[in-house]
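Trainee: I am new to this structure. Please take one part of it and walk me through it closely.

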Amino acid sequence: MSFFFIVLLFFNQSLFPEVIWGPSIEKSGGEYIFETGNKFPNLSGIRGGSRISFPRTFTLFGIQGIYTKDKWEINGKLKTTGWNQKSGEARDEDFLLGTISTENTTNIATREWSYRDSATVYSGSRNFADGKGKSTIVENRFEIYGRYYFQDASPDYWKDGSGFFLSTGVRYSYFKYLFYDVNQFIDSTPVIYTPIGIGLSFSNDLWEVFYGGGYRFSKGDIYFDLNFMPSIGRIKTRDFHIQRNINFFSDNYGFGWSSKLEIGYKFYPNWLSYFRVNHRRFFSEGRFTSQGGLTVSDLSSNLVSGFKSHINIKDYTIEIGVLNKINWDNNSETEPETSKNKPEINETN
């Protein structure tokens, strides 16, 4: 019975006044940084912390579907890297902090209406351990957005008009980094510099809720679309250090924003191509706990309720794609004339 309802819903033209779909490909760049630390001495008298940095360099393949009715639009997207892609050089640092070191934990201050765009929290540090190596990433993403248009703007890309719109949406991302071919430096006596192989794996679950608006202009064969949406989000991570056999579990909340500039060309009544630039910022704070380990200090950290953590993401994507508007109207197809519709012709000898 449910299958029959789904089929009926799909083929009912009155419920689908306009459906648009299309594939896309996008190139991503940017940085992902996990940091923890304390500027003031902890129980052991140490002022310091650690930082793990990953590049956000990879290619995403996607497909999207858009449903519109009157002034309303719903847009769903699926995107994936498809496989583990090389993302560039990653870094794992352990550092000491001094009296003149700074700790900038707030990137988006809602009370003061201030904004700091740096993805790093601690500065003025000195590394006593530093690992550099290669990284790969696999990412899968699901997004769904809704819009309502004002003035003579329309969700139909093929209609002329311009105006503002309100937008909201949800995005879920799962991505996992692998840090390998690591060369590690340790400031000791004597100094240690040696390859250690695989350093760690870092998996992430990120939920983001967006709300904002923008402006659309469409005339003739050209349109452009500008959108800006602040966001709130939650990210949960699992950081497994293979050499130390220890897991770190983080749970962070934070604020961010996303912006988009899109320019398109309508090259056929039901087809168009577009070029899109996306920017995304996400700054979060939370706590992490440890589980496992080989040394006494690692095992004793399992008994602590948690340590503060900062996970900040700055990235951008350059995207190209095509869109096709499905034509549900079959009235344009005329039936061939039959003999009964033709006038009779009397043949005479």
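Mentor: Start with a side-chain pair. The side chain of N140 makes a polar contact with the side chain of T80, at 2.6 Å. This is a predicted model, so read every value as computed from it. N140 sits in strand β8, which covers residues 122-149.

Now look at what surrounds N140. Set aside the neighbours within four places in sequence. N140 is then in contact with K79, T80, Y172, S173 and Y174. L60 is 80 residues away from N140 along the chain, yet their C-alpha atoms are separated by 8.7 Å.

β8 pairs with strand β9, residues 161-186, through 20 bridges. The two run antiparallel.

V182 stands opposite G197 of β10. β9 and β10 form a hairpin, with five residues between them.

Stop at that turn. P190 lies in the loop between β9 and β10. The peptide bond joining T189 and P190 is cis, with omega about 0°. Most peptide bonds are trans, and most residues other than glycine have a negative phi.

The loop between β8 and β9 has its own point of interest: Q151 is placed there. Q151 is not a glycine, but its phi is positive, about 55°. Q151 is exposed, because its relative accessible area is 53%. N245 is another residue other than glycine with a positive phi, near 55°. N245 belongs to the loop between β12 (222-241) and β13. At 40% relative accessibility, N245 counts as partly exposed.

Now turn to the rings. The structure holds 26 aromatic pairs. One of them is Y157 with W158: the ring centres are 6.2 Å apart and the planes stand at 80°, so the pair is edge-to-face. Y157 is buried, with a relative accessible area of 4%. W158 is buried as well, at 16%.

Compare that with Y172 and W207. Their ring centres are 4.8 Å apart and their planes lie at 40°, so this pair is tilted. Y172 lies in β9 and W207 in β11, so the pair ties together parts that are 35 residues apart in sequence. With a relative accessible area of 23%, Y172 is partly exposed.

Ring pairs also build a cluster. They link Y32, F34, F54, F175, Y177, F179, F202, F248, F288 and F307. Arginines come into the picture here. R56 lies over the face of F175, at 5.0 Å from the ring centre. R216 lies over the face of Y157, at 4.2 Å from the ring centre.

One more residue deserves a visit. S259 has its place in strand β13, residues 246-268. Which residues touch S259, leaving aside neighbours within four places in sequence? They are N227, F228, V277, N278 and H279. S259 is buried, because its relative accessible area is 17% and the cut-off is under 20%.

Finally, step back to the protein chain. It has two helices and 15 strands. Of its 349 residues, 43% are buried. Take the contacts with a separation of 6 or more: residues 24 or more positions apart account for 74% of them. The chain exposes about 19,400 Å², and carbon and sulfur atoms supply 62% of that area.

Notes
Residues are numbered from 1 along each chain as its sequence is written. This is a predicted model: local features need pLDDT of at least 70, side-chain atom pairs count only at pLDDT 80 or more; totals for chains, interfaces and linings use all residues. Side-chain values use heavy atoms; hydrogens and water are left out. Helices (H or I, at least four residues) and strands (E, at least two) are DSSP runs, numbered from the N terminus. Contact means heavy atoms within 4.5 Å. A polar contact is a pair of N or O atoms within 3.5 Å; within protein, one must be able to donate a hydrogen and the other to accept it, and residues adjacent in sequence count only if both atoms are side-chain atoms. Two strands pair if DSSP finds at least two bridges between them. Buried means under 20% relative accessible area, exposed over 50%, partly exposed in between (1.4 Å probe, protein chains only). Accessible areas come from the Shrake-Rupley method with a 1.4 Å probe; for residues, only the protein chains shown count as cover. Rings of Phe, Tyr and Trp (its six-membered ring) pair if their centres lie within 6.5 Å; planes under 30 degrees apart count as stacked, over 60 as edge-to-face and the rest as tilted. A charge sits over a ring if NZ of Lys or CZ of Arg is within 6 Å of the ring centre and within 35 degrees of the ring normal.
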